[in-house]
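This briefing is for a reader meeting the structure for the opening time, and the sequence and model should be kept in view while reading.

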Amino acid sequence: MYTQFELGRNFLVRAEHNSDLIQFVTELAEKEGITVATFTAIGALKRAKLEFYDQEKHEYREIALDSPQEIASCVGNISVTDGRTFVHAHAVLADKNGNTKAGHLLEGVVFAAEVHLRELKGAKLERKYDTVTGLSLWET
Ligand code: ZN
């Protein structure tokens with residue numbers, strides 16, 4: 001099963017210093033009336049929280065990074081969960097030595113970051129709780 005979308009507007013936006021990257025992308029989407037999109041981001045974070053999903057316990061384990069990090073890569077998408085804008089992002093973050101940690105990006109305090117948001121137009125893309133994985137997944 002899959003859903004096809006048309007490419008809508010493209011946004012290149014500098015994320016606000018000290019904002020939370022996830023919150024920043026959420027607010028940008030809501031302000032522009034975007035409910036489905038993909039995005040990438042590069043730049044640097046002051047600190048971040050990543051998560052690893054334990055596939056047996058069905059729970060997230062937090063990986064706190066309390067030092068400055070380069071956003072070596074950040075990819076994500078936007079859809080709707082329980083009627084609200086939901087931003088899902090994963091990131092590869094590099095410390096001052098270039099050592100990386102990666103995972104589900106829970107939060108990241110922006111030092112400086114550039115976001116490329118690509119609006120997708122078409123059907124509504126909603127997440128629903130999936131009993132097999134314990135995650136909220138797309139209903140396509
Ligand atoms: Zn994730």
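How many residues lie between strand 4 and strand 5 in their hairpin, and which residue in the turn has a positive phi? The hairpin has two residues between the strands, and Asp-82 in the turn has a positive phi of about 50°. This is a predicted model, in which local features need pLDDT of at least 70 and side-chain atom pairs count only at pLDDT 80 or more, while totals for chains, interfaces and linings use all residues. Residues are numbered from 1 along each chain as its sequence is written, and side-chain values use heavy atoms, with hydrogens and water left out.

**Strands and their pairing**

- Helices (H or I, at least four residues) and strands (E, at least two) are DSSP runs numbered from the N terminus, and two strands pair if DSSP finds at least two bridges between them.
- Strand 4 (residues 69–81) runs antiparallel to strand 2 (residues 37–54), to which it is joined by seven bridges, and within this pairing Gly-43 has Ile-71 as its bridge partner.
- Strand 4 also pairs with strand 5 in the antiparallel sense, over 11 bridges, with Gly-76 standing opposite Ala-89 of strand 5.
- With strand 7 (residues 126–129), strand 4 pairs in the parallel sense over two bridges, and Val-80 has Glu-126 as its bridge partner there.
- Strand 6 is antiparallel to strand 1, with eight bridges, and to strand 2, with 14 bridges; Val-13 stands opposite Val-115, and Thr-38 stands opposite Arg-118.
- Five bridges join strand 6 to strand 5, again in an antiparallel arrangement, and their hairpin has five residues between the strands, among which Gly-98 takes a positive phi near 85°.

**The zinc site and the pocket**

- The zinc ion is coordinated at 2.1 Å by His-88 (NE2), His-90 (NE2) and His-104 (ND1), where donors are N, O and S atoms within 2.8 Å of the metal (3.2 Å for Na, K and Ca), and because water is not among the atoms, sites may look incomplete.
- Along the chain these donors follow the spacing H-x1-H-x13-H, and distant parts of the chain are linked by the pair of His-88 in strand 5 (residues 84–94) and His-104 in strand 6 (residues 100–121), which are 16 residues apart.
- His-88 is partly exposed at a relative accessible area of 22%, whereas His-104 counts as buried at 12%; buried means under 20% relative accessible area, exposed over 50% and partly exposed in between (1.4 Å probe, protein chains only).
- The largest pocket is lined by 14 residues, and those nearest its centre are Tyr-60, His-88, His-104, Leu-135 and Ser-136.

- The buried residues of helix 1 are Leu-21, Ile-22, Phe-24, Val-25, Thr-26, Leu-28 and Ala-29, and what covers them includes strand 1, strand 2, strand 4, strand 5 and strand 6.
- Ile-34, in the loop between helix 1 and strand 2, counts as buried because its relative accessibility is 2%.
- Not counting residues up to four places away in sequence, Ile-34 touches Arg-9, Phe-11, Ala-29, Ile-78, Leu-117 and Glu-119, where contact means heavy atoms within 4.5 Å.
- Although 83 residues separate Ile-34 from Leu-117 in sequence, their C-alpha atoms are 9.9 Å apart in space.

**Positive phi in the loops**

- Gly-33, which follows helix 1, has a positive phi near 70°.
- His-58 is not a glycine, yet its phi is positive at about 55°; His-58 lies in the loop between strand 2 and strand 3 and is partly exposed, with a relative accessible area of 32%.
- Asp-82, likewise not a glycine, counts as exposed at 67% relative accessibility.

Notes. On a 1 Å grid over the protein atoms alone, a cavity is a set of points where a 1.4 Å probe fits but cannot get out, and a pocket is an open set with protein on both sides within 12 Å along at least five of seven lines; lining residues have an atom within 4 Å of a point.
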